[in-house]
Structures are given as C-alpha cells and as structure tokens.
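Please read them with the coordinates open.

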Amino acid sequence: MSISSTIKSIQDIMRKDVGVDGDAQRLSQLVWMLFLKIFDDRESEWELLQDHYQSPLPEAYRWRNWAANPEGMTGDALKNFLDNEMFPALQQLEAKGGDQRAYVVRSVFEDAYNYMKSGQLIRQVINKIQEGVDFNKAQERHLFGDMYEQLLRDLQAAGNAGEFYTPRAVTEFMVRMVNPRLSEKVLDPACGTGGFLSCSIEHIRKQDVKTVDDEMHLQSSIFGIEKKPMPHLLCTTNMILHGIDVPSNIRHDNTLARPLISWGPKERVDVVVTNPPFGGMEEDGIETNFPATFRTRETADLFLVLIMQLLKSGGRAALVLPDGFLFGEGIKTRIKEKLLHDCNLHTIVRLPNGVFAPYTGIKTNLLFFSKGTPTQHIWFYEHPYPPGVKNYNKTKPMKIEEFQAEAAWWGKESDNFSTREENQYAWKMSIDDIKARNYNLDCKNPHINEQEIHDPEVLLAQYQTMQNDIAALRGKLKTILAEALESRQ
C-alpha cells in the first residue's frame, strides 16, 4: 500500500470516531501519532550510529513498546493509557542530562490532544501507520515528505488569521535567490509548518554539506518561531523528516510579543525567508512592543519591521507581502521609508492572480532586500502566467520551472546586479522616483499597455474571487458585531 493510500485509509477510520470533529482535529490526531512513529524510526538510526544511545522517552511510551505490536493494547485499555498515562507524562517530560530531544518531545505534546474516543479505532489507525510507513527507507521518507505537503494543502483552512499555505514553487524560488549558505544562521520568524526552513535545509545540503561536521553545523543554524500549536507541531515533525535530529531551535512562541529593542546583537541572523501572515490583526497590546512611528495591528507590517531589526548588517531577506503594503499609506509609508533607508530593496517580483488559490485571491509580491546600504533603485519583475494558463488552482498550481526566466535574469548582488536588463517583464525605478510617488511601490509594468479582458473564463474567475473575498469579509464583520453585542450584555 502506498503512503498516499495509507493516509487516506487512516482518515477514513478517523471519520468513524465520534470524538474527531473536522479536518483540523483529524490532522492534529494524525500528526502526533506520526511524530512518535518518525521519532522511533529515527531512534533506531541513532542506536546504530551512537554508542550508548539513551532515549529521552520512558520505555513504556516509546512507539515500539506500546504501538508497534498489531495485537497490542486496544479498546478502553489503550484509550486510558493514552489519556491518563502517556500524554500527562510527555507533557511534563524532564530532560536527562540536558538532552534537548526531551524538550522537543515535550513542546510537541504540550498542546497536543487525543481526540479519538474509541480505543478500537485508535488501534486500527496505529496499525495502519505501523504497516504503511517506514521512515528509515529513504524512498518512503521522500514520498512521505511530498504526501505531508499535500496534507497541508488539503487541510489548511482558508482565511485562518491570514495564514495560507505557500506553494512549494514560491518557497524554492525565494530560497534559491536569497541563497543561504552553511556558515549562516537562517530564520523564519513565522515558520508555520516549516516550508521555507525545509527548502533552506535542502538548498544548503546540496550546496555545502560534504562532511559530518558540515551536517552538524547545518543542524544548529536553522531557526523557526511559530505561535500556534498545530503548525508548530507540524513544523517540528517536518524538521525531523528533513533530517534535523533535534529541532530544538523551532520555538513555540509569538515572535511579535517581545519589545523590538529586546532583540539584541547575539540574536541577529544572516538570512530571513518567510511568508508572514497577512490580512490578520494582532491582539490588543502587541503593537506597543514597537516604536510609536510603526504601531499597527496589521501582522505583516509588524513582521517587516521586526525583520529589519533581526538581520545582521549585510543580512539578506526574502518575504511575501500583499499588494496592500505596496500602495498603502500612513504607517505603511513610514515602514517603507525605513526599509528603503536601512536596506537595499533590490527586487520586487509581482506575482499574478491565483498563486494562493483557493485560500485567497489577494495579489502578492516577493520582496528581496539586504540590510546595511540604502536603496538606490528597485527592479520590478512581473511574473507572467505560463503559455496556456489563465489562472492557478488546486489542480494546476504554480510550478518551479516557471521561475527559470527570473533565475536566468537575476545576476549577482555582489556586482549590484550589473547584468540585469529591462525586458517586457522587467523594469527598474530610481529612489528619487519612488520618493516622488510618496513611497507608493505599486508600480505597473511600463512595457504592457492596459488591456481590457474579454475572456469569459478569466472574468468569471475574477468575479468568483471577489465574491469569496466579500463572503470572508462579511463573516469577519458578523463575528466582530456578535462579539461587540455580547460584551454589552
């Protein structure tokens, strides 16, 4: 049975359980189980490679001892074991001799929960995982990585606090262009499920890792922070899948909850790659961690201010931002002014509609900048649809091959991108022109005249996107009004 069909069978079993309500709970239930299976498979490797290896888990709670036997615990005995013994123990797991693996396991289980009510169905799920997934087989680990990403795409709810799955083509392109290297610290301050970090790991391994020492250096140079329990659990699992043995640098925290000035020189990093949540609003009080000039509750804007603080001089960043930031005024203008003064915003790649479909129709941009020298001019590149494509969707997502033209055009920052030339998709604008526009970065492609669209499929797709956005906004307004009415009662 393939991993894909294994996962489908597991989900079908979970749907029979009265305790599991909806996709989010199914994903949460599945991931803590997969985490323990992955961890056990990795422990088998560590036992072979390390003399006198000791598990951070008490023997009774290792997957091999309670789950691996298909004739093992089931029914009420299994349900009671999980709820009353294993979960409380792992949520309070103490490290032996400072073993960071114990802290990783504890952080995973602090907010995990066993939603399933039927011990018999739990045993069926465990047996499917045991027989269908072996992470010590390189091919299966690779296949599961692909399947894992598919799970995230399928199950991530649209419009959840502005969080959207970033297509792998976008993460790969951004990482490739920002080019993190072995000697550098790489951070995603809103790491979600770890897509940018896993791409960075693969990129650095391919470029630089030649020895065991290189691998150890890589393991200690990847950093992520995620405030929500579910994505943090997913990211930790994703890091283990990508060979990070002890992902203790993946923290469960709100990056924005600290005063900006408290991020000191020792915490600065060389590279930031991220897709900060946009469209969402931070809780009251978070904005007071920032200087008055930049106080806003718009999450993406706060993250951009934070990234400028976190980068070392000479550090590089690539991030996804919506169109609203480019043309926004007020606080957004002040943030853009600081960005162009403190950093070299050398490139903005303007993405077409539908890249984040079906989660949102908001148009997005990729910003690339380096800290330490002010911007002299900005290059814009309008990413076109490939031939024959009028919009992206779940079945026809963006592909990494589409970025070959940008990659060939890109050049090197070390010579100030001297090889770049304007073409039908690329143009540049001087800092003086940007200032004259009051820092409005919503610059249209001067090589393409405004064209009126007559294609009915495109018009219907645009209409549907507008309707979806209106429905989402209406839902948010209803929630706000309902909360306001309740608070008055």
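The points below go from the whole chain to single residues.

1. Basis. This is a predicted model, in which local features need pLDDT of at least 70 and side-chain atom pairs count only at pLDDT 80 or more, while totals for chains, interfaces and linings use all residues. Residues are numbered from 1 along each chain as its sequence is written, and side-chain values use heavy atoms, with hydrogens and water left out.

2. Whole chain. The protein chain has 17 helices and 9 strands; helices (H or I, at least four residues) and strands (E, at least two) are DSSP runs, numbered from the N terminus. Of its 489 residues, 51% count as buried. Buried means under 20% relative accessible area, exposed means over 50%, and partly exposed lies in between (1.4 Å probe, protein chains only).

3. Surface and contacts. Areas come from the Shrake-Rupley method with a 1.4 Å probe, and for residues only the protein chains shown count as cover. Among contacts (heavy atoms within 4.5 Å) with a separation of 6 or more, 75% are between residues 24 or more positions apart.

4. Strand β6. Residues 343-350 make up strand β6, and 8 of the 8 are buried, so the strand is largely enclosed by the rest of the structure. Its pairing with strand β7 (residues 364-371) is antiparallel, over 7 bridges; two strands pair if DSSP finds at least two bridges between them. L345 has F369 of β7 as its bridge partner, and I348 has L367. Strand β8 (residues 377-382) runs parallel to β6, joined to it by 4 bridges, and here T347 stands opposite W379.

5. Strand β7. Why is β7 described as largely enclosed? The reason is that 7 of its 8 residues are buried. Besides pairing with β6, β7 is joined by 7 bridges to strand β5 (residues 311-322), in the antiparallel sense. At that pairing L321 stands opposite N365 of β7.

6. M308. This residue lies in helix α12 (residues 299-310) and counts as buried because its relative accessibility is 3%. Leaving out residues up to four places away in sequence, M308 touches I335, K338, L339, C343 and K371. M308 and R268 are 40 residues apart in sequence, and their C-alpha atoms are 9.9 Å apart in space.

7. Cysteines. How many disulfides does the rule give? The count is 0, where a disulfide is a pair of cysteine sulfur atoms within 2.5 Å. C199 counts as buried because its relative accessibility is 4%. C343 is likewise buried, at 0%, and is among the residues that M308 touches.

8. Surface patch. L473, L477 and I480 form a nonpolar patch on the surface, with about 300 Å² of accessible area together. Patches are made of residues with over 30% relative accessible area and no salt bridge, with like charges joined within 9 Å and nonpolar side chains (Val, Leu, Ile, Met, Phe, Trp, Tyr) within 5 Å. A salt bridge is a side-chain nitrogen of Lys or Arg within 4 Å of a carboxyl oxygen of Asp or Glu. L477 lies in helix α17 (residues 456-488) and is partly exposed, with a relative accessible area of 47%.
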